[in-house]
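I looked up their linings and volumes.

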Amino acid sequence: MGNAGQPIDLRSDTVTKPTREMLDAMARADLGDDFFRDDPTVMAFEEEAADLLGLEAAMLVISGTMGNIVSCLAQSSRGESFIVESRAHIQINESGWPSTLAGLTPRPVTGTNGVISPQSLEEAIQDSRSRLGVPSSLLCLENTHNAAGGRVMTPAQIATLAGLAHTNGLRVHLDGARIFNASVALNAPVREFVRDVDTATFCLSKGLSCPLGAVVAGGADVVKEARRWRQVVGGGMRQAGIIAAAGQVALRTMVDRLQQDHENARLLASRLQAAGFDIDVQAVETNILFVKLPEHGFDPHLLHAGLIGRGVVVNPPRGGRVRLVIHRHVSKSDAMTAADLFIEAFHAAQGEDGSPDQRRVADGAAVY
Ligand SMILES: Cc1ncc(COP(=O)(O)O)c(C=O)c1O
């Protein structure tokens, strides 16, 4: 449990709840029917988001996934392929919409820390042009890269990859669900991260704490086309100003504080590293870290149940590692407590500390 007597929820930054200021803004929002472009709060929010990103236009959507879907539909056609890092969210965590909805064949390319190399991008483009290949029309990037542990892609890396893609006639979409984490981590304006791409999405509902919502941004023409696709996928909204009002508060009040999440993530990482876990603290650049688990002599299910039983909520370990995500509801002392409880639950899952603790772990498993 955390110091406030509440479970410490490290499953995702999506568990964050709206602030009082957001709820007040939602209650007071001036509303209209957004289908008719009559909602003044949506219009003002979209303009503010576009200005912040330094792009021509922006559009509110329900979720990051919807933002990725409509951005890609607006810039590709069925029967084409898109190049994507092999562990990108679009590739592994979006229920396969590229094939089912967009008729796109993914060309996954394995990167380092979530970033594909210019050489492998070039090779993937060439392969897609062979007589038997599927022509690529799109490159999808992700920043920060979730499955790589919240790693940041620098504006220079984006410029290189986007330049190569553009030279070869591909469009570039950036899944920037956590782009503000990248911007805060490098202390660089967010517009530098989207300067070289054609479309970018960011989420309001993760570290920025909104109840829902995401943004698609880009040139006026492509956002217009994405708006048409948003309608196709059933994402047209009416008095969406209640979402946009929370988004306005998020952009004004929630970005700078992400620094605190990054510091707490590093604190958690360094405590685990000091206890002998295989963690590179320098690689914890933002609010996400993965803890590698031993392959033998250890039960990941017991670790999971033991953590839940101790009031530390995580997703079940997958692929030999467990993901820990820091956010606004995890204080500095919660991060330290979470590290101590993780170490305790880990030893219990190894069966090193005797039967009483094992019983507690088993109880946790039963409750879960
Ligand atoms: C990198 C990344 N992209 C996209 C999404 C999808 O966002 P949403 O859950 O709002 O659909 C997520 C969600 O966790 C994500 O981590």
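I find 16 residues lining the second largest pocket, with Ala148, Ala283, Phe290, Lys292 and Arg321 nearest its centre. A pocket here is an open set of points on a 1 Å grid over the protein atoms alone, where a 1.4 Å probe fits, with protein on both sides within 12 Å along at least five of seven lines; lining residues have an atom within 4 Å of a point.

I note that the model is predicted: local features need pLDDT of at least 70, side-chain atom pairs count only at pLDDT 80 or more, and totals for chains, interfaces and linings use all residues. Residues are numbered from 1 along each chain as its sequence is written, and side-chain values use heavy atoms, without hydrogens and water.

I looked up the volume of the second largest pocket: about 400 Å³, as the space filled by probe spheres set on grid points joined across faces, edges and corners. Strand β9 (residues 288-292) gives the largest share of this lining, 4 residues; strands are DSSP runs of E, at least two residues, and helices of H or I, at least four, numbered from the N terminus.

I recorded that this pocket lies between domain 1 (8-14 + 257-367) and domain 2 (18-253), because both give residues to its lining. The domain bounds come from an automatic or database domain assignment.

I then turned to the largest pocket, which holds about 630 Å³ of space. Its lining has 31 residues, with His89, Asn93, Asn146, Arg318 and Arg323 nearest the centre. I see that α3 (64-73), α4 (89-92) and β11 (321-325) each supply at least two lining residues. Domain 1 and domain 2 each contribute at least three.
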